[in-house]
Amino acid sequence: AAAASDASTCGEEVGPGWDLVYRTTGSTFSQTHQLLGTDVRGSAHDDPTGEDFSKKFVNEDVDEFLFATGDCQEWLVMAREEVVGHGSGGREIHRSHVSSTPHRATTQRGWQYYMHEP
């Protein structure tokens, strides 16, 4: 896997080493591949407030996803198995801007950008 770019603007509670793989300027993202890392659009970059894009990461070892707003005021970290292929209903969140301990919540699409930790 490629070295992480540490593109996150989030603080130490999120941790370093995140690689920006999706970015949207709207409240939803048009990709429908369910975070499998197969869609490529736009030009990839490391700016969490930059232009829309998605990059391929299908063959990388992804353990966790960080979902965050561009300013990182709202964020959450979830295990890949809680995100990919998971049906509706409650999912375990490792930590978030709400709580530093694991908790369950109902999630929905619409976060500003998606990152993964290789």
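Here are some notes on this predicted model, point by point.

1. The mean pLDDT of the protein is 76, and 73% of its residues reach 70 or more.

2. **The stretch to read with care.** Where does pLDDT stay under 50? That happens over residues 110-118.

3. **The overall layout.** The protein has one helix and eight strands. Walk along the sequence and you get β-β-β-β-α-β-β-β-β. Of the contacts with a separation of 6 or more, 54% are between residues 24 or more positions apart.

4. The protein has 118 residues, and 41% of them are buried. Its accessible surface comes to about 6200 Å², and carbon and sulfur atoms account for 45% of that.

5. **Strand β1.** β1 runs over residues 19-23 and is mostly covered: five of its five residues are buried. Which strand does β1 pair with? The partner is strand β2 (residues 53-54), in the antiparallel sense, over two bridges. If you want a spot to look for in the viewer, find Tyr22, which stands opposite Ser54 in β2.

6. **The disulfide.** How many disulfides does the structure hold? One, and it joins Cys10 to Cys72. A disulfide is a covalent bond between the sulfur atoms of two cysteines. In this model the S to S distance is 1.4 Å. The link of Cys10 and Cys72 is right-handed, with 85° about the S-S bond. The pair ties together distant parts of the chain, 62 residues apart: Cys10 sits in the segment before β1, and Cys72 in the loop between β3 and β4.

7. **More on Cys72.** Is Cys72 buried or exposed? It counts as buried because its relative accessible area is 9%, and the cut-off for buried is under 20%. Cys10 is buried too. There's also a backbone detail to check: Cys72 has a positive phi of about 60° although it is not a glycine.

8. **Glu74, in that loop as well.** Glu74 is also placed in the loop between β3 and β4. Its relative accessible area is 41%, so Glu74 is partly exposed. What lies 5.7 Å from the C-alpha atom of Glu74? The C-alpha atom of His97, a residue 23 places away along the chain.

9. Glu64 lies in strand β3 (residues 64-68). Why does Glu64 count as buried? Because its relative accessible area is 13%, and under 20% is the cut-off. The side chain of Glu64 makes a polar contact with the side chain of His94, at 2.8 Å.

10. **Val83 in the helix.** Val83 is in helix α1 (residues 80-83). Val83 counts as buried because its relative accessibility is 12%. Leaving aside residues up to four places away in sequence, Val83 touches Leu35, Phe65, Phe67, Met78 and Arg91. Val83 and Glu64 are 19 residues apart in sequence, and their C-alpha atoms are 8.8 Å apart in space.

11. **Strand β5 and its two faces.** In a regular strand the side chains alternate between the two faces of the sheet. Now look at strand β5 (residues 90-93): Arg91 and Ile93 make up a covered face, and Gly90 and Glu92 an uncovered one. β5 pairs with strand β7 (residues 103-106) in the antiparallel sense, over four bridges.

Notes: Residues numbered from 1 in each chain as written. Predicted model: local features only at pLDDT ≥ 70, side-chain atom pairs only at ≥ 80, totals over all residues. Heavy atoms only, no water. pLDDT = per-residue confidence, 0-100. Contact = heavy atoms within 4.5 Å. Buried < 20%, exposed > 50% of the residue type's maximum accessible area, 1.4 Å probe, protein only. Polar contact = N/O pair within 3.5 Å; in protein donor to acceptor, adjacent residues only side chain to side chain. Disulfide = S-S within 2.5 Å. Areas by Shrake-Rupley, 256 points an atom, 1.4 Å probe, with all protein chains shown as cover. Pairing = 2+ DSSP bridges.
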